Amino acid sequence: MATERTYAMIKPDGVQRNLVGEIVSRIEAKGFRIVGMKLMHIPRATAERHYGEHVGKPFFEGLVAFITSGPVVAMVLEGENAIAEWRKMMGATNPKDAAPGTIRGDLASTIDHNVAHGSDGAATAEREIGIFFEASELID
Ligand code: CDP
Ligand code: MG
């Protein structure tokens, strides 16, 4: 299994609810290497680009409004099978379906405020990392 990088984000609800430490603890305990990390307020155009695959869906406008509503913690995580592993740690998109022990299962209750984001595949990871980070912001 190859070492991969994925884009991970603590959404505005997670920051606002003081869950940054809890979520970063889980990331570190799992053994991911955090190779990029910053607190930022996402500009609207960047949010629309990041969620471009969802343009036209009924939840798109609300999603962009939410993700730009306050600061997020943007991260790049590195590890074996990191893309799938981080999605497994987050749990299902809808916290109502997310297993206990997962971030969304333990810390969130509604789909529109589900605390964390993770890339869904290799191409997405590369695209999303490029949206949020310059190569010079990532450690080797
Ligand atoms: O984040 P994830 O990849 O698990 O799910 P997605 O299908 O890519 O959707 C992106 C985000 O849109 C989700 O994390 C939800 O916060 C939000 N969403 C929503 O508010 N209502 C839906 N019916 C579906 C997704
Ligand atoms: Mg997604």
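Asn-18 is exposed, with a relative accessible area of 68%; here exposed means over 50% relative accessible area, buried under 20% and partly exposed in between, with a 1.4 Å probe and protein chains only. This is a predicted model, in which local features need pLDDT of at least 70 and side-chain atom pairs count only at pLDDT 80 or more, while totals for chains, interfaces and linings use all residues. Residues are numbered from 1 along each chain as its sequence is written, chains are lettered from A and ligands numbered from 1 in the order in which they are written, and side-chain values use heavy atoms, with hydrogens and water left out.

Asn-18 is placed in the loop between α1 (12–16) and α2 (20–30). Helices (H or I, at least four residues) and strands (E, at least two) are DSSP runs, numbered from the N terminus. The phi of Asn-18 is positive, near 60 degrees, in a residue other than glycine. Most residues other than glycine have a negative phi.

Val-115 is not a glycine either, yet its phi is positive, at about 75 degrees. The residue belongs to the loop between α6 (103–107) and β4 (116–118). Val-115 is buried, with a relative accessible area of 0%.

## The site of ligand 1

Ligand 1 takes up the space of the largest pocket. On a 1 Å grid over the protein atoms alone, a pocket is an open set of points where a 1.4 Å probe fits, with protein on both sides within 12 Å along at least five of seven lines. A molecule sits in such a pocket if more than half of its atoms lie within 2 Å of its grid points.

The residues around ligand 1, each with a heavy atom within 4 Å of it, are Lys-11, Tyr-51, His-54, Phe-59, Leu-63, Arg-87, Thr-93, Arg-104, Ile-111, Asp-112 and Asn-114. This shell divides into four nonpolar, three polar and four charged residues. In this scheme, Ala, Val, Leu, Ile, Met, Phe, Trp, Tyr, Cys and Pro count as nonpolar, Asp, Glu, Lys and Arg as charged, and the others, Gly among them, as polar.

## Contacts with ligand 1

For Lys-11, an N or O atom of the side chain is 3.0 Å from an oxygen atom of ligand 1. For His-54, the corresponding distance is 2.9 Å, and a polar side-chain atom of Thr-93 lies 2.5 Å from a ligand oxygen. The protein covers 80% of the 500 Å² of accessible area that ligand 1 has on its own, as found by the Shrake-Rupley method with a 1.4 Å probe.

His-54 lies in the loop between α3 (44–50) and α4 (60–67) and is buried, with a relative accessible area of 16%. The side chain of His-54 also makes a polar contact with the side chain of Lys-57, at 2.9 Å. A polar contact is a pair of N or O atoms within 3.5 Å; within protein, one must be able to donate a hydrogen and the other to accept it, and residues adjacent in sequence count only if both atoms are side-chain atoms.

## Separations along the chain and in space

Val-20 is part of helix α2 and counts as partly exposed, at 25% relative accessibility. Val-20 and Val-72 are 52 residues apart along the chain, and their C-alpha atoms are separated by 9.4 Å.

Ala-123 is in helix α7 (residues 122–132) and is exposed, at 61% relative accessibility. From Ala-123 to Gly-21 there are 102 residues in sequence and 29 Å in space, C-alpha to C-alpha. Asp-97, in the loop between α5 (82–90) and α6, is exposed, with a relative accessible area of 58%. Asp-97 and Gly-31 are 66 residues apart in sequence, with 25 Å between their C-alpha atoms.

Definitions and conventions
On a 1 Å grid over the protein atoms alone, a cavity is a set of points where a 1.4 Å probe fits but cannot get out, and a pocket is an open set with protein on both sides within 12 Å along at least five of seven lines; lining residues have an atom within 4 Å of a point.
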